[in-house]
Amino acid sequence: MDTATKEEPAFTGSVSKPHQGKPAASAVPVVSYRDVKKSYGDLEVLHGIDLDIAAGEKVALIGPSGSGKTTLGRMLMTLEEPTSGVIEVEGEPLWQMERNGKLVRANEHHLHRMRSKIGMVFQHFNLFPHMKVLRNVTEAPRKVLGLDKEEAHDRAVEMLRKVGLEDKLDVYPSKLSGGQKQRVAIARALVMRPKIMVFDEVTSALDPELVGEVLAVIKEIAEEGEMAMMLITHEMDFARDVADRVIFGADGRIVESGPPQELFGQPKSDRLKSFLSRFV
Amino acid sequence: MWDWSYAASILPRLLSALQATFIATAWGFALACTLGLVLAVLSRSRFVLVRLTVDGISEFIRRTPLLVQIFFLFYSIPLLTGISVPALTTGIIGLGLHYSTYMSQVYRSGIEGIDNGQWEAAKALNFTPVRTWSAIILPQAIPPILPIMGNYLIVMFKETPLLAAITVVELLTTAKNINARDWRPFEPYTIVGVLFLVISLIVAFLVGWLENRMKQRYTR
């Protein structure tokens, strides 16, 4: 860890020590995992993950259940803390912060600031059942971003239109189908304008006939560009369609990664071959 | 035996004594609800020391009789602080404090009934802990427990005669005073019982209505 505090310039507006001097431009990955490990008790589920995601890049994470894909996403959303290693968001450590020239465990204030760059859509939607659809989407812009009522409303309606639900503003989530709920959840996360969004098996809890509408919405958002995506998914066609890069993980390691055509077309490892054979 | 005209003659005095009973119940309940919420939230603190302290205090209060606590507050607060607090206020503090520990359990059950996904969604949307509690968790946790809270309101109402022990002139004390004057225990104590019954029934009816309403939430 860097201890050369004396030469440290006065406050530079950034505490990104490891990348000091570098601008937070597209050269810096939006997310960077460095030797990230995660254990539950004695059980290590991630054995040192290294992974960079470029700004705007769409990365699909595939692999058998229990491979640690979801844990990877949850650590980025600050829902679970890595056991060791560093996750950087735009060059700045997520779970650590600088204090007196040393990296120490992040406090709530630091996490709060970092979280504004990250969004997540959950497998089980996690909509707020006591709020109507519109309020589900306006609540965070108002209370977290501090937008005024009209601005939050306009942004929310724009997002709900994008996911095709502008006619459902005034109903409670309990009245919606699973696919509609998930689309509201996507709008709710999008409205915060994160730099990277984690999609954690967002179609796994849906009836098969509702999967398509949700994937179509995500694909449309992906085509708009700027926001990076981490797509944790079991939908191989979707991964091939949307992702710039596919990562195959198994048993807490990244086994293979590359462009979708390569990974699906010429899988190298036996592990990936046997995994893919189940989807033919 | 039962003398209707005598009963009618003492009724106004007993009804006016209800005022102290109501005041003690209402303020005691308000205190129990507020303090109970604080205890419930603190008992989920990230800090072990806070959790242990809060749970220790709750346990202590719950494991000792309310009457003892009321006596303790009544005689010790003036001795320890030099401030003389009116008996009714002492009674309200005693009732509120005692029942806050039960109320915190009620809140806790409501809070634990909230799916963990709600906490995670709140975090993913970057709500601060205060906003998470006020906008996401409590609005969902409280409606289902309102009926249980209502039942505690009835229980507290029925416990107010304990305040007679520290000279609060509430319903029971008034009945006792009437008996001391007229040597007629039958009518005053019967009326006190009936008054408690009638008011409890009314509140219980309201609680039942509330319970039904809560079952129909979010499905409009």
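**Reading strands, helices and an interface**

Modeller: Four strands of chain A form an open sheet in the order β2-β1-β4-β5, with antiparallel pairing. Please keep in mind that this is a predicted model.

Biologist: Which strands stand at the edges of this sheet?

Modeller: The edge strands are β2 (43-53) and β5 (92-93) of chain A. Each has a single partner strand, so one side of each is left without a neighbour in the sheet.

Biologist: How should I read the pairing of two strands, and over how many bridges do β1 and β4 of chain A pair?

Modeller: In general, strands of a sheet pair through backbone hydrogen bonds, and the pairing is either parallel or antiparallel. In this structure, strand β1 (residues 31-40) and strand β4 (residues 84-89) of chain A pair over five bridges in the antiparallel sense.

Biologist: Which strands does β3(A) join in the parallel sense?

Modeller: Strand β3(A) runs parallel to strand β10 (residues 228-232) of chain A, and four bridges join them. Here A:Lys58 has A:Met229 of β10(A) as its bridge partner. Four bridges also join β3(A) to strand β11 (residues 245-250) of chain A, again in parallel. On that side, A:Phe248 in β11(A) stands opposite A:Ile62.

Biologist: Which way do the residues of β3(A) point?

Modeller: The general idea is that side chains in a regular strand alternate between the two faces of the sheet. In β3(A), A:Lys58, A:Ala60 and A:Ile62 point one way, while A:Val59 and A:Leu61 point the other way.

Biologist: Why is strand β3 of chain A described as largely enclosed?

Modeller: Five of the five residues of β3 (residues 58-62) are buried, so the strand is largely enclosed by the rest of the structure.

Biologist: Turning to chain B, how many helices and strands does it have?

Modeller: Chain B has eight helices and zero strands. Its C-alpha trace spans about 70 × 50 × 25 Å along its principal axes. Of its 220 residues, 30% count as buried. Among the contacts in chain B with a separation of 6 or more, 79% are between residues 24 or more positions apart.

Biologist: How many residues of chain B are in contact with chain A, and which elements contribute?

Modeller: There are 18 residues of chain B in contact with 22 residues of chain A. On the chain B side, the elements that give two or more residues are α5 (116-124) and α6 (129-159). The largest share, six residues, comes from α5(B). By class, this side of chain B has eight nonpolar, six polar and four charged residues.

Technical notes
Residues numbered from 1 in each chain as written. Chains lettered and ligands numbered in written order. Predicted model: local features only at pLDDT ≥ 70, side-chain atom pairs only at ≥ 80, totals over all residues. Buried ≥ 20, exposed ≤ 12 C-beta atoms within 10 Å, placed from the backbone. Contact = placed C-beta atoms within 7 Å. Pairing = 2+ DSSP bridges. Nonpolar A, V, L, I, M, F, W, Y, C, P; charged D, E, K, R; others polar.
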